[in-house]
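Here's a quick briefing to read alongside the structure. Let's start with where two chains meet, then zoom in on a single residue.

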Amino acid sequence: MHNNLLLLPIIIPFFTAMVLLFARKNVMYQRTVTMIGLIAAIVSAFYMLNIVYVDGPQTVTFGSWPAPFGITMISDMMSILLVVTTLVLTFFIVWYSFSAIGIEREKFYYYPGIMFILTGINGAFTTGDIFNLFVFFEVFLMSSYLLIVLGGEKQQLQGSIYYLVINIISSALFVITVAFLYSVVGTLSMADIALKVAALEQPAILTVIAVLFLVVFGLKAAIFPLFFWLPKAYKSAPAPILALFGALLTKVGVYAIIRTYTLIFVHDQSFTHEMLMILSILTIIFGCIGALAYFDVTLIIIYNIVIAVGVILFGVSQMNSAGLEGAMYYLVHDMLIKAALFMLGGILIAITGTANLRKMGGLMKRYPLFGWTFLIAAFSLAGIPPLSGFIGKLLIVESGFEANNPWMSIVILLSSLVVLLSVIRIFIYAFWGEEQQTTTSISQATYTQQFTPVLLLVAVTVAYGVGAELVAPYMSAAGEALLNPSIYIDAVMGGE
Amino acid sequence: MKTNDVILQFTAKLVFFIIFLFSVHIFMAGHYTPGGGFVGGLLAASAIVLLILAFDLKTVQAGFPINYRIMTAIGLVLALGTAAFPMFDGKPFFTHYFDYFDLPFFGKTSLHTAMLFDAGVFLVVVGVTMTIIQSIGEDE
């Protein structure tokens, strides 16, 4: 089914960014236009979600070219769910930015940067062409370079060097890998690649390419052993930018791994998916070590990204319906909750003036609501029922038992305890104990302004967990589409 | 340090027009033969850079009082507008329209909407290149 409307969640942020470029000094203009653009994009994304749910995957092939030759954009259940999640959490992050990012950055293309990053991310989720995927990766990377160096503090520049170098290397590797793949199958449309790979029965060279793709996307997604850059690069970014990056950027890498490993490289699972499973378990273990090792709020939450990536990819590597559905649940949950946690961490740092847990304490007396919100977010992250992390994790653990990998599932269960411990440690150190002499950098009014969007976002995650019944049909549709690549292929190649 | 560069400045003024007209030619040639908005834009930007080298940043800014950031934004809107237009016509994004027209003076000419998209690219390339060069140049 050809449907131009699926492009709206990409075009609206893109157009908003252009409109923002015209008056960068006018902060009120920047804020208003950004919010209008985001709301319009969210409405269009929900509209598309409904269409995809009712009518199945929607496609549009650019320039009226026939399918494998033109660039196809395809909105299937997984894409549109991720697009919706991205837009919703960006809405809250932008709202939080109003009071947290600082007027200087707002005047220097902060909002256009966010809008361009959304263009790239939504494009990457939606495109059905592997080279176009690279292009959208570059679009959001370019904008992320802007956001990560914006402000030009010394610490920030040190961190951004890691970020820049690692991403330039991985982008180069990405193009090379796409070229390898093209030289073997002679096409770039992912649906067509899937058909050609099936016809070739995946000879050894394609397994090599599959591993190369895992390296490329693994660098972005921060899997073991390629996550080393993540803490260094993210640590020094301001809270709203950190929330945006932590919630979205690694997840695009995860999305790309899920897409390629369920659609294209599915013929040698005893090697590729086995390897993905082992790497994801190692990712979880090393993430746990990192999350327990630090007394720095930001670093603890950053290492929790790594753990979550491992959990999601483990679900994918099992290649059964429970695993894929669980991975979808957990992916959406993790995007929302990571954004909330990073913003909560940002407020915590703003209130106490330090990121060091040992120097905090006794906040419960003055900020009770903040404390309880943090506790709910922490429980949700660890997957305590009925909060949002639970169902995804349950399905993923189940899939491990189903696929005869019980020990791996047990590792995931144990990792939940570590996750809980790591975030509860923040709670205990920051909210319990003696009240410490702190250098609060924000006023009560600013605190309220910063806290409101975060509270609402946590409420959204709670609703996502409690209302799991309502989202279940969407998730199982997404899982089913991942398990049966033919749905995707037919939608693209079936044409008009 | 004051150098005597009368010859350079005189030549640059002449060569600027040659390069600029050539960039327009390359831009127009772009549809069927090698060329297009990107190369054209780079050439046009390089013509301005030549002037900056021969004179200095301030003189050239006074000569072309253009805000290159706004120029980039206009280029983007033009490109996106051309690409998105077919959506209102029920055709896929990026579909282009073309036809042959009998224009006075030019004779039979083929006109494409792809040219408008390319004009957007041209503006973006000039805008971005000049923004980069100006920011680095101002930094001394």
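Contact here means heavy atoms within 4.5 Å. On that basis, 18 residues of chain A are in contact with 14 residues of chain B. Keep in mind that this is a predicted model.

- As for salt bridges between chain A and chain B, the count is zero.
- Polar contacts do turn up, with four residue pairs found across the interface of chain A and chain B.

**What chain A brings to the interface**

- Helix or strand, α1 (8-21) and β1 (58-61) of chain A each supply at least two residues to the side that touches chain B.
- The most comes from α1(A), which gives six residues to that side.
- By type, the chain A residues touching chain B split into twelve nonpolar, five polar and one charged.

**A closer look at Ala382(A)**

- You'll find Ala382(A) in helix α15 of chain A, which covers residues 368-382.
- Is Ala382(A) buried or exposed? Its relative accessible area is 6%, so Ala382(A) counts as buried, the cut-off being under 20%.
- Leaving out residues up to four places away in sequence, Ala382(A) touches Lys393(A), Ser416(A), Val419(A) and Leu420(A).
- Ser415(A) sits 33 residues from Ala382(A) along the chain, and their C-alpha atoms are separated by 8.8 Å.

Note on methods:
Residues numbered from 1 in each chain as written. Chains lettered and ligands numbered in written order. Predicted model: local features only at pLDDT ≥ 70, side-chain atom pairs only at ≥ 80, totals over all residues. Heavy atoms only, no water. Salt bridge = Lys/Arg side-chain N within 4 Å of Asp/Glu carboxyl O. Polar contact = N/O pair within 3.5 Å; in protein donor to acceptor, adjacent residues only side chain to side chain. Helix = DSSP H or I, 4+ residues; strand = E, 2+ residues; numbered from the N terminus. Nonpolar A, V, L, I, M, F, W, Y, C, P; charged D, E, K, R; others polar. Buried < 20%, exposed > 50% of the residue type's maximum accessible area, 1.4 Å probe, protein only.
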